[in-house]
Amino acid sequence: MTPEENRLRVIDLFEEVVNAHDSSAIERFTKSPPIQGTLQALLAGFTDLRFDVTWTVAEGDRVVSFIEMSGTQDGPFLMVQDPTNRPLQASIMLALQLDDDGMVTDSWLGTNFISMLGQLGW
């Protein structure tokens with residue numbers, strides 16, 4: 001796939017899985033158990049989770065996205081297992097690597113987890 005096709009595929013992933021809250025769609029985008037688990041955990045922890053993509057850059061088989069994440073923690077998330085029903089907002093930088101079929105094979109995440117946990121009262 002071209003870098004532009006990869007970039008559009010990643011945007012589709014955010015829209016169809018995260019913003020549509022459709023965990024059954026995950027397998028259309030990745031077969032990686034760690035990535036699947038992360039997405040499922042996010043959707044379980046924040047049933048109103050939203051990813052607003054600020055920008056994306058694609059080069060070769062990698063796509064980097066800057067995302068404004070928001071949601072209300074109403075399920076387990078990281079070390080906060082009991083729902084706090086508190087809102088969470090975070091800026092995240094997410095890099096994804098895709099194979100020739102457009103499936104996500106690897107990921108790298110950059111965010112301030114301390115700030116996120118603090119917003120949840122941890």
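Which helix holds both Arg7 and Glu4, and how many residues apart are they? Both lie in helix H1, three residues apart, about one turn of the helix. The views below show a predicted model, in which local features need pLDDT of at least 70, side-chain atom pairs count only at pLDDT 80 or more, and totals for chains, interfaces and linings use all residues. Residues are numbered from 1 along each chain as its sequence is written, and side-chain values use heavy atoms, with hydrogens and water left out.

**View 1. Overall fold.** The protein has three helices and four strands. Helices (H or I, at least four residues) and strands (E, at least two) are DSSP runs, numbered from the N terminus. Along the sequence the pattern reads α-α-β-β-β-β-α. The radius of gyration is 14 Å, close to the 14 Å that the globule rule gives for 122 residues, so the protein is as compact as a globular protein of that length. That radius is taken over C-alpha atoms, and the rule is 2.2 Å times the number of residues to the power 0.38. Along the principal axes, the C-alpha atoms fill a box of roughly 45 × 25 × 20 Å. Buried residues make up 38% of the 122 residues. Buried means under 20% relative accessible area, exposed over 50%, and partly exposed in between (1.4 Å probe, protein chains only).

**View 2. The largest nonpolar core.** A nonpolar core is a set of buried Ala, Val, Leu, Ile, Met, Phe, Trp, Tyr and Cys residues joined through side-chain atoms within 4.5 Å. The largest one has 30 residues, and Leu13, Phe14, Leu49, Phe51 and Leu96 touch the most other members. Helix H1 (3-19), helix H2 (33-45), strand E2 (62-72), strand E3 (87-98) and helix H3 (113-119) each supply at least two residues. E3 gives the largest share, six residues. Leaving aside neighbours within four places in sequence, Leu13 is in contact (heavy atoms within 4.5 Å) with Val18, Phe29, Leu39, Leu96 and Val104.

**View 3. Surroundings of Leu43.** Leu43 sits in helix H2. It is buried, at 12% relative accessible area. Not counting residues up to four places away in sequence, Leu43 touches Val17, Val18, His21, Asp22, Ser23 and Leu49. Leu43 and His21 are 22 residues apart in sequence, yet 6.4 Å apart in space, C-alpha to C-alpha.

**View 4. Salt bridges.** The structure holds four salt bridges. Each is a side-chain nitrogen of Lys or Arg within 4 Å of a carboxyl oxygen of Asp or Glu. Arg7 pairs with Glu4, the closest N and O atoms being 2.9 Å apart. Arg7 is partly exposed at 21% relative accessible area, and Glu4 is partly exposed at 41%. Asp52 pairs with Arg50, the closest N and O atoms being 2.9 Å apart. Asp52 is partly exposed at 34% relative accessibility, as is Arg50 at 33%.

**View 5. A nonpolar surface patch.** Leu78, Met79, Leu109, Phe113 and Trp122 form a nonpolar patch on the surface, with about 530 Å² of accessible area together. Patches are made of residues with over 30% relative accessible area and no salt bridge; like charges are joined within 9 Å, nonpolar side chains (Val, Leu, Ile, Met, Phe, Trp, Tyr) within 5 Å. Areas come from the Shrake-Rupley method with a 1.4 Å probe; for residues, only the protein chains shown count as cover. Trp122 lies in the segment after H3. Trp122 is exposed, with a relative accessible area of 59%.
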